[in-house]
Amino acid sequence: MNIDLSGRVSIVTGAASGIGKGIAAGLAKSKSDVVIADINIDGANETADELAKEYGVRAIGVKMDVTDKSGIEQAVGEIVGKLGRIDILVNNAGIAPSYSLVDFPEDKWDLTIAINLKGYFLVAQAVVRQMLKQGEGGNIINISSKTGVRGSSDNSAYNASKFGVIGLAQGWAREFAKHNIRVNSVLPGNVLRGSGIWNEEYIKAAARKYGIQPEEVEDHYNKQVPLGRQCEVEDIANMVVYLVSDYASYITGCSHLVDGGQEMR
Ligand SMILES: NC(=O)c1ccc[n+]([C@@H]2O[C@H](COP(=O)([O-])OP(=O)(O)OC[C@H]3O[C@@H](n4cnc5c(N)ncnc54)[C@H](O)[C@@H]3O)[C@@H](O)[C@H]2O)c1
């Protein structure tokens, strides 16, 4: 499928690394200008430079902490000042602290909900105001997870946030359909390669959970996937690019699993 997004401006939050970076690359490859919005401004600038060079689009890094409402509004103003408009938002920035319910620290719960759930709300609020001003529709993608349809153990806050963003997407899809703003959720499988979430500590926690060694964790997850391989950032990027394109002009309010058949719903 030859998807051409030229003339459109996309913001991807948390795009300095991992899935967000892969999505930004997919959008840039399809000729969308891209904004790499991340709390890690050095990483964001690096990614932006890479994508501009590789795909010949306008790509900028913007410092954005998705928990900071006034900072988000300022960043959105800066983006519109530099690139003129916003057509696509991918809410992706997220963290995943893993603890049993009985040990879960309250501050980690609060931070996870602030980034993974309220952060999606705050960024969408600022961006949709801009889309409504433009009056030409738009697209929002909430990156949830397969954990958004089946909770995993030792993941209270993550589970709540990933189920929650699906609800946000459905409500926004209904609310803004009349403005041709489509809103969908994408639910990735396990993406270990390139992900900051799958750091040494997280892999150790997963190993403890399943009573296996850390080096066995990757294989443990791959074995649950009917298509028999790990999910890659490109798999997620392909789904996002399709959903924001005109090929998907009749699709809104839906949850799209990209998990090699692991959940099948
Ligand atoms: N990796 C997986 O297996 C997997 C599976 C399903 C869903 N997801 C989801 O994909 C998204 C990206 O995860 P990833 O695996 O690429 O992780 P990652 O750690 O590589 O990327 C997360 C990015 O978010 C940024 N970030 C963190 N806090 C922020 C804040 N307050 N404001 C702005 N940016 C912030 C980080 O700097 C980082 O660049 C998350 O929402 C995650 O829940 C990941």
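Predicted model: local features only at pLDDT ≥ 70, side-chain atom pairs only at ≥ 80, totals over all residues.
Helix 3, which spans residues 69-83, packs against helix 4, which spans residues 106-134, at an angle of about 35 degrees, and the axes of the two helices lie 9 Å apart. The crossing of helix 3 and helix 4 is right-handed. On the side of helix 3, the contact is made by Lys-69, Ile-72, Glu-73, Val-76 and Val-80, whereas helix 4 contributes Leu-122, Val-123, Ala-126, Val-127 and Gln-130. By residue class, this contact of helix 3 with helix 4 comprises seven nonpolar residues, one polar residue and two charged residues.

The largest nonpolar core of the model contains 68 residues, and the residues with the most contacts inside this core are Ile-23, Ala-24, Val-34, Ile-36, Ala-37, Val-127 and Val-240. Helix 4 gives the most to the core, supplying 10 residues; Val-127, one of the core residues with the most contacts, also belongs to the contact that helix 4 makes with helix 3. When residues up to four places away in sequence are not counted, Ile-36 touches Val-12, Ala-15, Ala-16, Ala-24, Ala-44, Thr-47, Ala-48, Ala-59 and Gly-61.

The ligand is surrounded by 29 residues, of which Gly-14, Gly-18, Gly-94, Ser-195 and Gly-196 are the closest. Among the contributors to this shell, helix 1, formed by residues 18-29, gives the most, with three residues. In composition, the shell around the ligand divides into 14 nonpolar, 13 polar and two charged residues.

Methods: Residues numbered from 1 in each chain as written. Axes fitted to C-alpha atoms, helices over the stretch in contact; angles between N-to-C directions. Helix = DSSP H or I, 4+ residues; strand = E, 2+ residues; numbered from the N terminus. Left-handed = near helix turned anticlockwise from the far one by under 90°. Contact = placed C-beta atoms within 7 Å. Nonpolar A, V, L, I, M, F, W, Y, C, P; charged D, E, K, R; others polar. Core = buried A, V, L, I, M, F, W, Y, C linked by C-beta atoms within 7 Å. Buried ≥ 20, exposed ≤ 12 C-beta atoms within 10 Å, placed from the backbone. Near = placed C-beta within 6 Å.
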